[in-house]
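The entries below follow the order in which I checked things.

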Amino acid sequence: MTEIELPWVEKYRPKTLKDVMGHSEITKRLQSYVDKRNIPNLLFSGPAGTGKTSSSIAMAKELFGENFGQNFLELNASDDRGIDVVRHTIKSFARTLAFDSDFKIIFLDECDALTNDAQQALRRTMEKYTKTCRFILSCNYSSKIIEPLQSRCVIYRFKPLNGEDIESHVENIAKIEKLEIDAKAKTAINYVCQGDARKSINILQACASLESKIDEESVYSVSSRARPEQVQEMILLALQGNFLEARKKLDALMYEYGMAGEDIIKQLYRETMALEDKDLSEKAKIELVDTIGEYDFRLVEGANERIQLEALLAQFMKYKK
Ligand SMILES: Nc1ncnc2c1ncn2[C@@H]1O[C@H](COP(=O)(O)OP(=O)(O)OP(=O)(O)O)[C@@H](O)[C@H]1O
Ligand SMILES: [Mg+2]
């Protein structure tokens, strides 16, 4: 029987703490917990796809060996079945003794999606089982975690991965998968994924399913992103007062590339900030950031994408030189 191939994000998930790239200070400390076989409750906070779950699993593997599942429970705290189910699961897992270890580990993902009440409940749960279990809470925004939970944990902040790490990781995977990938394509993956390793691997796999030779064009196309130059051209046209041409570029992003309004706004923001001084003054940039923020909010609130994006382009025309 042929083995079913795992998605590459799983296939290339770090197996040990040493394989976790880009957070040497954090992994050093985690390693020392493992070496002493004593871990405190932990809170991992940071953007998606940067290694929070991977570091937890790697720690569990190093502590408990390949059959770490007996002593390691992964739960999604925002599970729509509610915190009661989570508590129930925790209870039955925590009740039995750890296998060949003093403690078990409970990994609670997406803790920032919990309501205040649920977090309060978790606070008691954590306390109750702290003798036999260690908790690792994971979230994208630590500000959404109530103080009492934060104070029960040692907090580690995961940053977006840097471009060099992402590019070399992509290159390594490409080599193993026998793909041909050029420098421009790697730069493009880095531009699109913005420090999210999961995204970079998913893009690579999506490109590989089309062709084993990967170029810049396929990266932008599978990720439904425009090249930075395309967005810059649109902005420059608006800044020159050429609304109709700018609008045509917008059409292309929306209908040829199939980009979502919120993604266009994000790229518009990045490329506005990247404009040279001769095209847009510092003062104008500051004002436009405020404007972009306003239009972003309107889209989140459900306003018509097309109309809002055109109106935003019209705002750029105010800064015509
Ligand atoms: N620091 C890293 N080193 C190596 N691979 C990584 C790293 N971070 C992420 N990855 C890759 O991305 C995948 C997803 O990472 P992980 O599950 O650890 O992200 P996360 O930080 O928990 O994200 P989320 O906030 O969405 O839960 C991993 O399986 C791995 O392939
Ligand atoms: Mg995770």
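I counted a residue as buried if 20 or more other C-beta atoms lie within 10 Å of its own, and I kept in mind that this is a predicted model.

Entry, strand 4. By that cut-off, 7 of the 7 residues of strand 4 (residues 133–139) are buried, so the strand is largely enclosed by the rest of the structure. I then looked at the side chains: in a regular strand they alternate between the two faces of the sheet. Here Cys133, Phe135, Leu137 and Cys139 point one way, while Arg134, Ile136 and Ser138 point the other way, and all are buried.

Entry, the neighbours of strand 4. I found strand 1 (residues 42–45) paired with strand 4 in the parallel sense over 4 bridges, and within this pairing Phe44 has Ser138 as its bridge partner. Strand 3 (residues 104–109) also runs parallel to strand 4 and is joined to it by 5 bridges, with Ile106 standing opposite Phe135.

Entry, strand 2. I noted that strand 2 pairs with strand 3 in the parallel sense over 5 bridges, and that Leu73 stands opposite Ile106 in strand 3.

I read the order as 2-3-4-1-5, an open sheet of 5 strands with parallel pairing. Strand 2 (72–76) and strand 5 (154–157) stand at the edges with a single partner strand each, so one side of each is left without a neighbour in the sheet. From one strand to the next, the twist averages 15 degrees.

Definitions and conventions
Residues numbered from 1 in each chain as written. Chains lettered and ligands numbered in written order. Predicted model: local features only at pLDDT ≥ 70, side-chain atom pairs only at ≥ 80, totals over all residues. Buried ≥ 20, exposed ≤ 12 C-beta atoms within 10 Å, placed from the backbone. Helix = DSSP H or I, 4+ residues; strand = E, 2+ residues; numbered from the N terminus. Pairing = 2+ DSSP bridges. Axes fitted to C-alpha atoms, helices over the stretch in contact; angles between N-to-C directions.
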